[in-house]
Structure formats: C-alpha cells, structure tokens
Amino acid sequence: MDPSQARLDQIDASFRAANYIGAAQLYLRDNALLRSPLKPENIKARLLGHWGTQPGLNLIYAHLNRLIQDTAASVLLVVGPGHGAPAILADLYLEGTLSEFYPRYSQDAAGLSNLVHDFSWPGGLPSHLTALTPGALHEGGELGYSLLHAYGAAFDNPDLIVACIVGDGEAETGPLAASWHSNKFLNASTDGAVLPILHLNGYKLSGPSIFARMSDQELRDIFAGYGYHVRFVAGDDPRRVHAEMWPTLDWAYHEIRFLQGDARRGEFRPRPTWPMIILKTPKGWTGPKSLDGKPVEGTFHSHQVPIMDPATNPAHLKLVEKWLRSYRPEELFDPSGKPAHQATAICPKAGKRMGANLHANGGALLQDLRMPDYAQYAVAVPAPGAVKAENTRILGNLLRDVFRDNQAAGNFRLFCPDETTSNRLEAVYGTTSRAFEWPLIPTDEFLSRDGRVMEILSEHCCQGWLEGYLLSGRHGIFACYEAFIAIIDSMVQQYAKWSKMAREVPWRKPVASLNYLLTSHVWQQDHNGYSHQGPGFINTLLTRKREVTRIYLPPDANCLLSITDHCLRSRNYINLIVASKSPMPQWLDMPAAKEHCSQGVSIWSWAGNDVGEPDVVLASAGDVPTQEMMAAAWLLRQEVPDLRVRVVNVVDLFTLQSHNDHPHGLDEEQFCRIFTDDAPVVFAFHGYPGVIHELIHHRPRSGRFHVRGYIEEGTTTTPFDMTVLNELSRYHLAMEALRRAPRMRSVGGDVIQKFELKLKEHRAWIQSHDEDMPEILNWKWSVQQSAGKAN
Ligand SMILES: Cc1ncc(C[n+]2csc(CCOP(=O)(O)OP(=O)(O)O)c2C)c(N)n1
Ligand SMILES: [Mg+2]
C-alpha cells in the first residue's frame, strides 16, 4: 500500500507520543502531562533507565502497527535492547494493552501519571522488559539471545511473523553472531517467519558498534553470506525515515509471503534468502542535541539518562523541559489525558495488537504432550545388576515414540549440539530426522527439511531456540555433553529469573518445563579426558530459586525412563537429568524403578544387610557412583560380613534438602528413617562433593556425611581409573565405610590395607595393559536376590 500522508502523520504522532512517554518515565515523578512548568520537585530522586535506544524502538513499533493494520498479520515482537523498556511500555500504553493487563495504567491523566511515576520506582516497573510485560517473551537484560528466541517462537508456528529488533551492540555477542544461521533451520512451509531488524544506532554503552563502522557494501555482503537480503532505512529526519520505513516493511512482508507461498505449494528454494532490515538512526534521536557544548544525540552519551542533574541545575531543567515539550504533548493527549486519536489511530485492534499476541504467553496455547506408556520400553531386570544397558539408548526409544505420537500436533523438538548419535539417542531417527533447509547431498544421514531434531554446534543456539519454543507454548528437551552445558550457564540463569517472575504474574500461564538430558558425563570420559569432565551445571541449578529447579540422577535405564516421562509432563520447571550412555548395570525392574523415582530416595534393602540399626549408610546419587557404591557394598559383604550396611539411592537430589528449603525435601522424620539419626553416611556423588554438604546443611548431625565426588582429577585413562583418581572408587568407598563405622575401628585395618594394595595393583595393571583389571571389568553384583525392590 502506498504511504498516505494522513497515515504517515498518524505514525509520526504515535512515534512522538511514545518518545514523550518514554522520556517522561525517566524523569518525572508527577506533572506527567507537563500541564504546568517543569519544577525541580517534579523530577525523580533517582534517574534510571535508558534513553538512547528508545526512539528507534518506537519507530519500529509504530511501523509494525501500520503493517498489521494493512495485512492483519500475526506479529510477535522480540526486543533485543530490553533496556529500552520505557519505549515499549509507552507503545503498549498507546495501543491499550497495558491498561487492559494493568488497570492502574488507564488511558487517562491518572493512568499516564501512574505509568510515568512507577517506572524504576521501588516496587514499580523494572528498567528492562520482563515477564510482567504484555506481548514479551524476551527480557533483553543479558544481551545476545533475541534472534534465537525469535526463531524458537517461529518454529512450528506457520502463521506467525516474529519481528526481532537486534541492537548493534548486541549483535557483537557470540550467541547473536551464531544465531544468524537459524534461517538454515526454518522451514518456509511449516514454520513462521523471522524478520530481523538490526538497529544501527551506532553505539553500544560507551563505544561505537562494529557494525556501524562497516560500509553498506560490507554489511550487505556479510548478511548475504548468512542468507539474508538486506534493505537499509537511514536518516535523522523522522518524516523522511517514516516515508522510507513504510515501503521497506512492505517489501519485507511480501518477500516473506512470497517464500512461504512457494514452499507451501511444494516449491522449496535450495537457498531461501530471507529479508532483513538495517535501520540506521541516531542513538538518542530527537533527544537533546548537546549538553554543555558536548554532543549527545547521535553519540553514546545518550545511552542512559542524558541529563542527570535537572533537579539541581536550572539550565538543565530547562533543557529537559524543552526536550519533552518538543514532542508537543498538548497535541498528543486530549483534555482528559487520554492519548489523542491521532496518536493511537495507527494501532491495530484487539488480538492483533502486539501486546496481545498470545504466542508471548505460550502457556495459554500449550497442549499436553501425548506420552506413550514408558513402561513398554523397560529393560528386563531379572536380578539387580544381572544385565547391562546403555541408559540413554533405552531412552531414545521413548523419545522416538514421543515424536511419533506428537507428529500431527508438531509441538515437540529435541535440541542438541551435534551429538544425538554420540549420545546414543539415534532411535529418534526412526520417526524423525534432523532439520536442515539448505542443500542436502546424497551422503547426508538423517537430515531433512521437516526434521524435528535441531542440531547445530552451538549450545547457545540450542538453548535460545528451546527457550523461545517453550515460552511460545511448545515442548522440548536439550541433550548435551555434560561438560559443555556450562557454555549456556548464564543463559539458564536468566531463564530461571524469567521463570521465577512469570510465576508471580497472574496472567502468565504455565509453560512446559525446560528439560536437560546431560550425558557423556564426567565419569565416562576415557575417550576425551579432562576437558570433557565438568559436573558443575548441578551447582548452577542448585542456587536458583527452589520453585524453579529440579535435579535428577537416575541410577539406571528404567529410572531414566520414569524420570523423563515425569519431566516431559511437568510445567514451569528447569529439570536436569544426568544419565550415562555407556553400558551400565541395571538395578531395578520397572515397578521398582517407578516406586523409587516417585519417592526420590529409598533404601535398597535387598542390597544391604542391616537389620534395624546399620553401622554405616552407603548412599549414592548418579549412575557411576551407584555402580561403585554397589561394588563397595559387595566388597564389604565379602570381606567384613559382620559389618551392617544400609544401601540408599538418591534419584531426586533435592530430597536431601530440608523441606523448609525445597518442596521436594524430606521432612526430618522421613530423612532420619532413611539415613538414621546418627549413623555415619558415606555418600558417593556424581558431582562436586560440596553440593551434598550444601544440601544437607540443615540436617541433624550433618557432620556424619562423608562425601566422595568429582575433585577435578582427570585425564585420558580407563573408566575405573577416573573413579580412582577422584577417590570415588569402590575401594575408596569401602575403606571410608570401614574408617567411619565405629565398630570397625579396631578390626578394619587389615581390610583397609588389602584395598590399598588393590589400588596399587590397579595402577600397575592399567599401566601395562591399557585397560581395567578383569575383576573390575567383569564385576557383577552377585548377592542372589530377585530384582531390586525399592522401599
Ligand atoms: C551480555 C551483556 N553484556 C553487557 C551488557 C551491558 N550493556 C547493557 S546495554 C549495553 C549496550 C547495548 O548496545 P546496543 O545493543 O547497541 O543497544 P542500544 O544501542 O540500542 O542501546 C551493554 C553493553 C549486557 N546487558 N549484556
Ligand atoms: Mg546500539
């Protein structure tokens, strides 16, 4: 549609109104409509927030509104510079959604006054976009993830266009730099579209952006290489920029529809080139040009609050007033304080407003996953330890059928940095494949346009896509090498913050949980060694809000099935599952596994010999530690039959914490029923020992817990040697039990000496044979019992 002057004027009025409301939020505690001269007492005591990015955001918002009016498209907006919250709040206010979600911000003088006052006020509106913001699924506090969230929301949403504003500073971050490649995974037929708008306002916080110093040709070239067709909109005269932005957005929209139309008729392009806009407007555009002779507009000096002392400097107060009045507020609000028709006429109506887009409140659209009965994938366990299995390979069968059963709904994806096969989950390729939209060649395996496995060698991309996918109302799981999940450590911290806040926002509906399957874990790195050993993600989740995180360490395949089923059905959690991919002894049959997992921790009475009071409790969490602890129990039964041991297995780590500190924590009575009141506990743990000490800190006599875990020893060596190096081997555990059990102090010495000799023998053996001793390799749990029953 050709730009009409009347609607260009409406766009400009909306742009001015939003700039006014945005700037007013930074400064004014009252006198929001400037109906009297600005006085020092109208100025907030603490001047917080960011101005520089705001005008660009407002320009884009107004023009997207026009596009929606003309096309009725469903547009979700992702705002990379989340520090521009006052701008977006102003736009939401003008379109009316802010008032609908928060009646305190009604479209009248009182509502506007509240909005302007509340921004950055204690208990008021935060300085960034948050879960409180209607229409938002992206915070933009920690920069770098906007484009990933945008693509995550677009996958499997064929009718959605996600407009994504990327700051030119944000674009320098690693995750953002990697995320341009997301278009190689976007199916033009079955997915929606993403329209990146790179906002070249020239500056970051205190320096120039790299992209802003590149020539147009260099920018065109780099983005053409990424598969984008760039058009520029540039200028510092709002009227001219409006006149350019309108047809450029129309062009982008038609390019999107053109690509989609072809694909939806079955005519896929081998290399679809998606549109992208580079918007070049000055940072702090329309704000104060200079301050005390120093340029402000068009420089990084406009990044935050450009004039900091208007309450005490009368000349600066005048400058602020002049700036605010330059938007002509008397034209933008009617006498009642309601935004004037001219300023809101460009806003779409009802559900078409970006603040009302339901995809930003994904829980409102969420459908349950159809879950096959996981018991049908059970490993038959005729007796504890009688068979071995690769735990993740068994899980692959369940995931394969989750894909099968949810194919029609198209709401489940697996995200993985190029390791689905290595993680032994390749059964999933029985019902789906890996997504890839660019050219395929005959030697490719498990690769197709409609694959639902998202493989890119970027943990950042996997995490960001999954977050966007979940927050827009779908389900997923992220399978990753344990050591390298730390790459996204701060991303998950940010996600946990969003999740915590979202729970406190009544209109946000629960979304599917963020599920991690960490495998190729610390104890099985004989192939890769030290660099691949890092169980620290447990620590990361340990310190997040207790409402949000869950940590599971299933000891075998049947427990892994049960736990994964639970996690995939759950809502609003961050679930961490750590599981082995190597052949491991299987302990519990399916009924016992179900029971054990539902309790989270239980006594494996079939593995111990305590009748009543044990001398020592042998506890473990994690599959390899459990194997070593079972072997330790076995050794002790052979060598010291008189010693009464109780074997305990922990699958849900938070059961250890006090129930006052975590909802999964056992109450004190349950805890003492399992761990006794005062017996020493030797604990074999998957991760860093300090984790267990932290969890049991409030438990009675916590000093009786003696934890063995990963102590940062590693190299390329045999699997058993990994446990030896970290003093978690069966011999170390058995010796610890003998040292700790009071009755054994006088009699355990000989056995301890024997185990120490075994460790020496082990060292010599692996040096000359390059593999573990036969008694380790061939060890099997052998107390003749039926398959384990948890109790
Ligand atoms: C990962 C990360 N590093 C640093 C910061 C601190 N920071 C906040 S805003 C900003 C500059 C952002 O520049 P740009 O993306 O160009 O946004 P705009 O110019 O639109 O404000 C920086 C460095 C951050 N928020 N996130
Ligand atoms: Mg910038």
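## Cavities

A search of the whole structure finds five cavities of 30 Å³ or more. A cavity is a set of points, on a 1 Å grid over the protein atoms alone, where a 1.4 Å probe fits but cannot get out. Lining residues have an atom within 4 Å of a point. Volumes are the space filled by probe spheres set on the points, which are joined across faces, edges and corners. This is a predicted model: local features need pLDDT of at least 70, side-chain atom pairs count only at pLDDT 80 or more, and totals for chains, interfaces and linings use all residues. Residues are numbered from 1 along each chain as its sequence is written, chains are lettered from A and ligands numbered from 1 in the order in which they are written, and side-chain values use heavy atoms, with hydrogens and water left out.

The largest cavity holds about 150 Å³. Its lining has 14 residues, with Glu139, His149, Glu467, Gln494 and Tyr495 closest to the centre. Helix H14 (459–471) and helix H15 (489–503) each give two or more; H15 gives the most, four. Helices (H or I, at least four residues) and strands (E, at least two) are DSSP runs, numbered from the N terminus.

The second largest cavity holds about 90 Å³. Leu77, Ile88, Pro134, Gly135 and Ala136 lie nearest its centre, among 13 lining residues. E1 supplies the largest share, three residues. The lining has 11 nonpolar, two polar and no charged residues. Ala, Val, Leu, Ile, Met, Phe, Trp, Tyr, Cys and Pro count as nonpolar, Asp, Glu, Lys and Arg as charged, and the others, Gly among them, as polar.

## Pockets

A pocket is an open set with protein on both sides within 12 Å along at least five of seven lines.

Five strands form an open, parallel sheet in the order E1-E2-E3-E5-E4. Two strands pair if DSSP finds at least two bridges between them. Strand E1 (74–79) and strand E4 (228–234) stand at the edges with a single partner strand each, so one side of each lacks a neighbour in the sheet. Seven bridges join E4 to strand E5 (residues 274–280). Val230 has Met276 in E5 as its bridge partner.
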